[in-house]
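Subject: Structure handed over, with notes

Dear colleague,

I am passing on the structure below, together with an account of what was found in it. Could you read the notes with the structure open beside you?

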Amino acid sequence: MSKRPWLAPAILWVVLTGLGLWLVTTFSFYPPRFAHEANVSDDAFQLLLILAVPVFAFVIAMMISSLISGKTASEPSEDGPYLPGNQTAVGVWMVITVSLTILIIINPGLVGLAHMRGSDEADMVVEISGAKWAWTVKYPEQGAIASKEMVLPVHKRIRFEVTSKDVIHSFWIPGFRIKIDAVPGKTTVTTATPDKTGSYETEVGLRLQCAELCGLNHASMMMPVRVVEEAEFESWIAKTREEASKLPEDCPTLSDNVKISAFNIAFDTKCLVVPAGKPIKVTFDNKEAIPHNFSIYSDPEYENSLSKGEIFSGPAERSFTIGPFEAGDDRFQCDLHPIPAMRGFFVVREGA
Amino acid sequence: MKRVARGLGLGIAGWLIGLNLAAVIRGTQHVNDQANIGIAYVFALSGWLLGVGVWDAWVRGWLGLKPKAEEPDEGWRRYFSFCTDHKVIGIQYLVTFVIVFLIAGLLAMFMRWELMSAGETIMNKATFNEIMSLHGILMISVAVAGVLGGFGNYLVPLQIGADDMAFPRLNALSYWLIPPVAIMLLLAPLAGGFDSGWTAYPPLSETNDVGQVFFILAIITFGLSSILGGLNLLTTVTTMRAKGMKWSRLPIFTWSVFSASILSVLITQFFAASLLMVFLGRAIGMGFFDAAKGGDPILYQHLFWFYSHPAVYIMILPGFGILLEVLSHFSRKPLFAYKLTVGAFLAIVVLSVVVWAHHMFTSGMSNTLHGPFMILTEAISVPTGIIFLSALGTIWRGKLWLKTPMLFALAMVFNFLIGGITGIFLADVATDMNLQDTYFVVAHFHYTIMGGEIFAFFAGIYYWYPKVTGRMYNEAMGKIHAIWMFIGFNAVFIPLFYVGVQGMNRRVADYPLAYERGNLVASISAFVLGCSFLLFTWNMIWSRFKGEKAPSNPWNATTLEWMTESPPPEHNFEGTPVVHDSPYVYGLEDGLHAELGEQEPELVGAGRPE
């Protein structure tokens, strides 16, 4: 046994630490970041990684040097030294591990926590609602609703108010590094400040992905996200609102016996025309194993309910009678999926 | 065999009686009525247990009937009987859970096949979700009961110099509760399967197919087995130690089993209770977790993780025990900082029950909980660090005898190091906001449980194989298996860390094309890893019949199990063990852990609380 048994592992440790630090600082494996919060999260990751390198290197150095100096293929003829403990080694070890733990608790721990969960103040609110297996995005201040993609203005702090209509889902945008569960019966909140424009077509991280197992189509419960300049956001909002309020040109002829079907989280029609003052027979064909219903509202905000339909899963067909209604431009929707594809006009005319 | 057949017969009869009785009383005939299934299961389980041995072992006595003078089974038939020998029960556990491990591993192969490329490859989403859930819960059961039930039962009495466990009949009962668990889990697909993962979060688990009820009943039964087993181990270590076996002289493996058993006994009921509440929600509409009825879905997660986080220490603590045991004996050096390490075990036991909500940083729970749970979780790295100190201090300047168990032990140090370090990233709120529910988590817990505990499990299988079977395993095959499994394992899960950081979420049957490359690498590596177990299985079976006869102490190790024949006789020792010193007396001229004194018949079994 050499006089300085610690020399070899010490050198190995320094070499491995240097190598490791070079590796983790040279090669960046973080996917592109699109929000301020993403920088906070990745900075915390990088700091933890840098702190982990010497710890990892120490264990590896100790293992390698013990192996090189002590390994035997056949049964050892003598025992190793009787070394049941060493006060200095234990003391140094405890001081270092406790200090490291306190360090990471403070930074990135509590510091990062303050950044991520410090305040709910925001420039803009976006309401997110999950239901098996689609997302609905509502812009309450702008009065718009989206279901095909979520568009967000850059450089605005946004508060996402998240909820679910059925089981637990989770709201996650990988490019923002933020996540919060969508829990039925309550609203959860998280904030993000997008700081770079981009879209899902080129950046896979720009997607609203469900991150909590929610049943059959969990994997595909995803919505593309697009971060745009404010002017573009305004014009997108205007376009979305216009589309939502425009009466379709191909509205069917008036009938008190209407048929509607749902498939792929969409109704097959955007418009129904019915006579006023008469009960209306509705035949609702739900063609998929996803629960839907058919409800009528009197206003474009879908707040004043005139008739609530029974929720059921398909494939199944239900017939029921609603009304009578007064003349006016009412709306219909599926309450579980209040997205444009599951909404439409319910036009009530004075009977001919 | 006869009793197993009788148990099965009575079990099926109980099921039919229960189902019909419930239907008559409740006035519902529907075969899928969940309350009826629950009632039928209670009858079936009672029938099975009475038939398999509870009638003969307990009930006859209560009724004042004469004990049945039945010839005890001999040879292999013992393993299919209500045998109370802890060694037989240990082997029953080991063989059962190795088989479950192989089945669940096969399921993982199908998952990796499906995930090899984006889009649907070999199965639809419904099948994938069920296979993923089944893989999860089967592997959890292996991790909970494989080491603790298998090696805990087989070795703890031997290591403390006892002739059996404190409650031998209860021990047999703990094992015979396992087959109904397996049957229910494997029958679940016939009732639509369960697709809510092993975590079974409501409302999903309250609204999916009836297969979920089978899952719930199975896991409650498994929990009962776990509690009874833990109770037995605690009592055994407390009351059955040989003369001179002070607490400070217990082998470290026994200490680790003792620590894990504290957790088994104290917290398993929380999982059972939370699943019972889900069952009541499903069957009779009690809305514990239903917001519309005033319940709270997040409450389930608190209850569930209150068990399931400490449960990972039920898994890993005995793994640490095997690790340190093997490292000491194969380095020919005393275990470094023994008392501090025992203290670390106990500190982990305490801390593990106050960290659960770190699984819930993104759940929407109150923001004020984030700080405390992050701090407590990170604090647990101090006692875990002591395990590493002990491991490194033990191999430091040791004479490292590189047999198969030692290779597995060294591999475990490496794997658990990665598992432990990546755990910090998940304990930190800022990083966990992103990493929660991604493949980073998948890779992390596979590094701790598979890379950690399962590698230790294999170290233990090779280490004690000569003792248990009386034959040596094939060393060359063993070493190839160790290296093969180590490389395969790392080649699977390093890429999964990568795809997780890139933004791939977990429990998905499909993923965006951007993550395809990492998944392809992981899948190919998974098949390589999977094949290593064919070699293992062949080695175990071949060596059992053709292996060299094992001497009583092939490793020249110090602990008591090596001081008796391989395999040990029915009463374990041909003499009364007397303990003089710590088991880790390497490097001392006159070191002596224990010796076998004169046979003192009146002492055999003394102190057993019956």
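The helices named here are DSSP runs of H or I with at least four residues, the strands are runs of E with at least two, and both are numbered from the N terminus. Please keep in mind that this is a predicted model.

Domains

Chain A is divided into domain 1 (7-69 + 86-117), domain 2 (124-245) and domain 3 (257-349), and the C-alpha centres of domain 1 and domain 3 of this chain lie 58 Å apart. Chain B is divided into domain 1 (1-68) and domain 2 (78-546), whose centres, taken over C-alpha atoms, are separated by 31 Å. Each of these two domains of chain B gives 16 residues to the contact between them. On the domain 1 side of that contact, α1 (2-26) and α2 (34-62) of chain B each supply at least two residues, and α2(B) gives the most, with 12 residues. By class, this side has 11 nonpolar, four polar and one charged residues.

Contact between the chains

The contact between the two chains involves 77 residues of chain A and 79 residues of chain B. On the chain A side, two or more residues come from each of α2 (36-70), β1 (71-72), α3 (87-117), β7 (169-173) and β8 (178-182), with the largest share, 16 residues, supplied by α3(A). That side of chain A has 46 nonpolar, 20 polar and 11 charged residues.

Two pieces of this contact can be described in more detail. In one, α3(A) meets helix α13 (residues 381-395) of chain B: the two axes come within 10 Å and cross at roughly 145 degrees, and the crossing is right-handed. The residues of α3(A) that take part are A:Ala89, A:Val90, A:Trp93, A:Thr97, A:Val98 and A:Thr101, and they meet B:Ser381, B:Val382, B:Gly385, B:Leu389 and B:Gly393 of α13(B). By class, this helix contact has six nonpolar, five polar and no charged residues. In the other, β1(A) pairs with strand β1 (residues 400-401) of chain B in the parallel sense over two bridges, and A:Lys71 stands opposite B:Leu400.

The five-stranded sheet of chain A

In chain A, five strands form an open sheet with mixed pairing, in the order β4-β3-β2-β6-β9. Its edge strands are β4 (144-146) and β9 (188-192), each of which pairs on one side only, and neighbouring strands are turned against each other by 25 degrees on average, direction ignored. Strand β6 (residues 158-164) and β9(A) run antiparallel and are joined by five bridges; A:Phe160 has A:Thr190 in β9(A) as its bridge partner. Helix α4 (residues 230-245) of chain A lies across β3 (134-139) and β4, running at about 90 degrees to β4(A).

Backbone points to check

Most residues other than glycine have a negative phi, and most peptide bonds are trans. The peptide bond from A:Asn107 to A:Pro108 is cis, with omega near 15 degrees, and A:Pro108 is found in helix α3 of chain A. The bond from A:Lys132 to A:Trp133 is also cis, with omega near -10 degrees; A:Trp133 is placed in the loop between β2 (124-131) and β3 of chain A.

Positive phi values in residues other than glycine occur at A:Arg177, where phi is near 60 degrees, and at B:Ala337, where phi is near 55 degrees. A:Arg177 sits in the loop between β7 and β8 of chain A, and this residue counts as buried because 30 other C-beta atoms lie within 10 Å, the threshold being 20 or more. B:Ala337 lies in the loop between α10 (297-331) and α11 (338-352) of chain B and is buried as well, because 24 other C-beta atoms lie within 10 Å.

A:Lys270

Is A:Lys270 buried, exposed or partly exposed? This lysine, found in the loop between β13 (257-262) and β14 (271-275) of chain A, is partly exposed because 18 other C-beta atoms lie within 10 Å, a count that falls between the limits of 12 for exposed and 20 for buried. Leaving aside residues up to four places away in sequence, A:Lys270 touches A:Pro248, A:Gly344 and A:Phe345, and its C-alpha atom is separated by 7.8 Å from that of A:Cys251, 19 residues apart along the chain.

With kind regards

Conventions:
Residues are numbered from 1 along each chain as its sequence is written. Chains are lettered from A and ligands numbered from 1 in the order in which they are written. This is a predicted model: local features need pLDDT of at least 70, side-chain atom pairs count only at pLDDT 80 or more; totals for chains, interfaces and linings use all residues. Two residues are in contact if their C-beta atoms, placed from the backbone, lie within 7 Å. Ala, Val, Leu, Ile, Met, Phe, Trp, Tyr, Cys and Pro count as nonpolar, Asp, Glu, Lys and Arg as charged, and the others, Gly among them, as polar. Two strands pair if DSSP finds at least two bridges between them. Domain bounds come from an automatic or database domain assignment. Axes are lines fitted to C-alpha atoms, for helices over the stretch in contact, and angles run from 0 to 180 degrees between N-to-C directions. A crossing is left-handed if the near helix is turned anticlockwise from the far one by less than a right angle, and right-handed if clockwise.
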